[in-house]
Amino acid sequence: MAGRIEDYALIGDLETAALIGRDGTIDWLCLPRLDSQAVFAALLGTEDNGSWSIGPADSSGQSPTADRRAYRGDSLLLESEWDTPTGTLRVTDFMPPRGGGAPRLIRIVEAVRGTVTAVSTLRLRFDYGKVVPWVQRTDDDRVRAVAGPHAVWLDTEAETHGEALTTRSCVTLAEGERMAFALSWHPSYAGPPDSLDTDQALQMQEDTAKFWADWASHCAYNGPYRDAVIRSLITLKALTNPLTGGIVAAATTSLPEDIGGVRNWDYRYVWLRDAAITMSCLLRAGYRDEARAWRDWLLRAVAGDPENLQIMYGIAGEREMPETTLSWLTGYENSTPVRIGNGAANQRQLDVYGEVIEALLLAAHLGLERDEPSNTLLIELVQFVEANWREPDKGIWESRGPDRHFVHSKVMAWVAVDCAIKLIEGGHAEGPLDHWRLLRDTIHQDVCENGYDPDRNTFTQFYGSWELDAALLLIPQVGFLPADDERVIGTVEAIQRELSTPDGFLRRYPTEGDNVGNDGLAGDEGAFLVCAFWLADDLAMIGRVDEARDLFERLLALRNDVGLLAEEWDSHQQRQVGNYPQAYSHIGIVDAALSLENPIQRRPLAIVSTPR
């Protein structure tokens, strides 16, 4: 049975990732990429859908919870330790960055004290837990599992045997002894990957630790929340593909926003919005290589066709990601359907133009060299905004209901034009400056006249609506209005009153329980964590810094023992929900930490460009 979402730690090689429970069981791993089919899918079903446990021998047959675990320094090497009557067992889990080689998951067992016996129980299942592979021992004493085009190889010096469609091992170690288990993926038609012994695995362990330490050392933030910021940046890096530049929203699919409900989506894709904001976050923390790679990814993905810009793409820029359901999986805690693909890819969401152009502006401001293809793209994006900003859309939250004139979407259309103007004014691009200034003023006036409720002194979710939307908290952060504007303060206070959960966090917008709401879905959801981080940013900006810091620290307290956050927080069950780990939530940590250090503006380029 899968653990709570917050029971899992993440390891990864930048191209895929695994989730490891407190008991040392890996319940989720897709190979060879994050959006590939899972070979361990117990997270969304049962252990028979694929899992791999390593831990001390236990007469009960159950995997005991580790007594402690932690990442080794600023890395993605996870160390878990169990104290047993005869000694202490440590398991170190990691995935070395590939460098063009095969993806590998390495697990090193070690007797830290006394004598310990470690048991490995490997259940490989291909196609998201549906297909049992053909497993055989090769002439060179390796274990090979094959299903169609996929092959997974197990290398270990421990003796293995097959039992009930499971590969089992048992090894007893004296103090100081270590032994490796290495799982490698390779196409079944391409021959075997290189074998790996324990000495080689130990060298890879040291190389991987050095890789992460070197990367983390470039962080420009040195404030009081550095540990949380570094862990969040490492998590964001783990979701960033070094080959393509694509930045995915999360490592999982179908972890529910409402336990037992239907709000279960596949987040293993590159949302333009999420990726642009992730890129901005990494840039502000001192990481330019990732920003340059993402800009290149953007140009390839859009491919000269901005009129057909999608809100999301595959990791390499793929356009097709049809949404289907996996009927053989019971879902996380019986939350069905389990979905792969995402039908929201074809939605119109006007806000993405603003996020993309704002990211290009920040890149230019922080020294990324001028790029003529991105200048051409910029002009075409703004031209599209000019032609379409008056149209309704699905909004930032990907409503499955009717198109609306969402206020946040209109604000971000304004941001698209505003940032384009700033790029031109700074000499980073060319375009019809006076014409776009007039367009910017026109959008601003329209939003203030149609998206603002003067009786309640708040902006609303969409034109003519009563409902609120936590995305309105971004109004001062993107520079649409200054933080001290009474309309901004009124909106912040209205959102606090009407969208707060019992523990003071925020829902995105009102939901209707069993009835179908404005978003076209039945059911409720948890507090959307990035919204509470936005609130902390706003509170700091309007001068309520102590309140902002208190909220931020309460949000940090929601992280699990290794510093990770999912998409949402269930205030009633007091647990994390939604896909995991969620880029948006970790962006929230970094941005809020930076905002508390300099509460004047969260985004340094968000300068108000129109009269109040």
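Arg98 is buried, with a relative accessible area of 14%; here buried means under 20% relative accessible area, exposed over 50% and partly exposed in between, computed with a 1.4 Å probe on protein chains only. The model is a predicted one, in which local features need pLDDT of at least 70 and side-chain atom pairs count only at pLDDT 80 or more, while totals for chains, interfaces and linings use all residues. Residues are numbered from 1 along each chain as its sequence is written, and side-chain values use heavy atoms, with hydrogens and water left out.

Side chains of opposite charge can pair when their charged atoms come close. Arg98 forms a salt bridge with Glu15, the closest N and O atoms being 3.2 Å apart; the term denotes a side-chain nitrogen of Lys or Arg within 4 Å of a carboxyl oxygen of Asp or Glu. Glu15 lies in the loop between β1 (9-12) and β2 (17-20) and Arg98 in the loop between β8 (87-94) and β9 (104-123), so the pair ties together parts that are 83 residues apart in sequence. Helices (H or I, at least four residues) and strands (E, at least two) are DSSP runs, numbered from the N terminus. Glu15 is also buried, at a relative accessible area of 9%.

The structure holds 41 salt bridges. Among them is the pair of Glu257 and Arg508, whose closest N and O atoms are 3.5 Å apart. This pair links distant parts of the chain, 251 residues apart: Glu257 is in the loop between α3 (226-238) and β16 (270-271), and Arg508 in the loop between α11 (486-499) and β22 (527-528). Glu257 counts as buried at 3% relative accessibility, and Arg508 is buried at 5%. Salt bridges that share partners join Arg68, Glu81, Asp83, Arg90 and Glu110 into one network.

Helix packing is the next topic. Two packed helices are described by the angle between their axes and the distance between the axes. Helix α12 (residues 529-541) and α13 pack at an angle of about 160°, with their axes 7 Å apart; axes are lines fitted to C-alpha atoms, for helices over the stretch in contact, and angles run from 0 to 180 degrees between N-to-C directions. The two helices are therefore roughly antiparallel to each other, a label for angles over 145 degrees. Residues of the contact (heavy atoms within 4.5 Å) include Phe533 and Leu539 of α12 and Leu551 and Phe552 of α13.

Leu564 is buried, with a relative accessible area of 1%. Beyond its neighbours within four places in sequence, Leu564 is in contact with residues including Tyr8, Leu10, Arg231 and Tyr580.

Most residues other than glycine have a negative phi, and most peptide bonds are trans. Tyr580 is joined to Pro581 by a cis peptide bond, with omega about -20°, and the bond from Leu31 to Pro32 is cis, with omega near 5°. Pro581 is found in the loop between β24 (575-577) and α14 (583-597), and Pro32 in the loop between β3 (25-30) and β4 (38-40). Leu165 has a positive phi, near 60°, and is exposed, with a relative accessible area of 58%. Phi of Glu333 is likewise positive, near 50°; Glu333 is partly exposed, with a relative accessible area of 30%.

How values were computed: Angles under 35 degrees count as roughly parallel, over 145 as roughly antiparallel, 65 to 115 as roughly perpendicular and the rest as oblique.
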